[in-house]
Amino acid sequence: MSKVVQQAPEYIRSISPYIPGKPISELAREMGLREQDIVKLASNENPLGASPKALEAAQRAISEIHRYPDGNGFELRAALVKKFGVAPEQIVLGNGSNDLLNLCAAAYLNHETSAVFSQHAFAVYPLAVKSAGAHGIEVPAREFGHDLPAMLAAIRPDTRIVFIANPNNPTGNFLPAVEIEAFLDAAPDDVLVVLDEAYNEYLEPEQRYDSVAWLEKYPNLVITRTFSKIYGLGGLRVGYGLARAELADLLNRVREPFNVNNVALAAAAAALGDEAFVARSYAVNRDGMAQIIAGLKALGLEYIPSSGNFLTFRVGDAATINRKLLEQGVIVRPIASYQMPEWLRVTIGLPAENERFLGALAKALGRA
Ligand SMILES: *Cc1c(COP(=O)(O)O)cnc(C)c1O
């Protein structure tokens, strides 16, 4: 190891890198397959693509890429204000909602502090915490989901952030609003609670809750959402945080001045207004979820009921099954790095993609 690499703090050198879903082009190269023959159901992307309105807006914005973006994101902010009834000062825009998680860590954490998150929760929480040199407290999951009472009990005097994903990725678990409210009521009000709602738009009508209204009551709450999932803009990297104005101001101080590019800003504002596309995406997901569940049941496989656009199921030797799926041009997500070496996560695709996946899975299991 070179001296300069050794100079980096141990907490940085010991970070295990995030493992993304395998890109289609990479598998095509590795297996000698044609890209159009590959089905990627690995990164919780929208199988319908992006909203046509977002694509149009992005195309228009392309002609302005020699300009710096609007650092305040006026247009997108205005669209969010209209949608959620919050003040413009309550919004923090991010280069993906991942950026928001890092902003929270940058604003609150250092080597003298700690942050709480759940076992099997989104991998970016421990990454953000470690990058800031803080201590991560991982609380054992309950039936693969967050054990909020245990997370509450895990808060120490040096704890500055609690991360809650609802629904959680990669397990899909949903926390009913009453449980989150009980947590917010009981949590110390000087601890930041990050409520990560990346899959909020996929909740069933009876699961939906008004977390934005909670901002009135809880000055320590920040809600994060993304345009990467139901809005289909993962490649553009745009997300947002909602909080009380004072807290949003704090997070904006550690934000890069031009963290969201102008194409992303324009596309996101247009996507937010395309409610028909969101409704169609929701319906495709609901039907595809039923299709995949039926297929997994027919194969006798255990799965975790999911409130997102993905499903996690148990195959035993997941590494081998994953390899056999890749050989057939089907990319799903192994989640051994989430302490779930016997499980795979599949993103809900279009009907034909789901069919391809189920057929390949049957073959991989030797049941075709
Ligand atoms: C995908 C995801 C995000 C963020 O994705 P961005 O593309 O950075 O917006 C955040 N939280 C969870 C739980 C996710 O699954």
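Helices (H or I, at least four residues) and strands (E, at least two) are DSSP runs, numbered from the N terminus. The model is predicted: local features need pLDDT of at least 70, side-chain atom pairs count only at pLDDT 80 or more, and totals for chains, interfaces and linings use all residues. Residues are numbered from 1 along each chain as its sequence is written, and side-chain values use heavy atoms, with hydrogens and water left out.

**View 1. Lys 229 in the loop between strands S7 (221–226) and S8 (239–243).** UniProt, in an unreviewed entry, places "modified residue: N6-(pyridoxal phosphate)lysine" at Lys 229; such annotations may be inferred rather than shown by experiment, and positions follow the numbering used here, with feature names shortened. Lys 229 counts as buried, because its relative accessibility is 13% (buried is under 20% relative accessible area, exposed over 50%, partly exposed in between; 1.4 Å probe, protein chains only). Its contacts (heavy atoms within 4.5 Å) include Ser 43, Asn 44 and Tyr 202, not counting residues up to four places away in sequence. The side chains of Lys 229 and Tyr 199 make a polar contact at 3.1 Å (a pair of N or O atoms within 3.5 Å; within protein, one must be able to donate a hydrogen and the other to accept it, and residues adjacent in sequence count only if both atoms are side-chain atoms).

**View 2. Ala 61 in helix H4 (residues 52–62).** Ala 61 is buried, at 11% relative accessible area. Not counting residues up to four places away in sequence, Ala 61 touches Asn 262, Val 263 and Ala 266. Ser 2 lies 59 residues from Ala 61 in sequence and 43 Å away, C-alpha to C-alpha.
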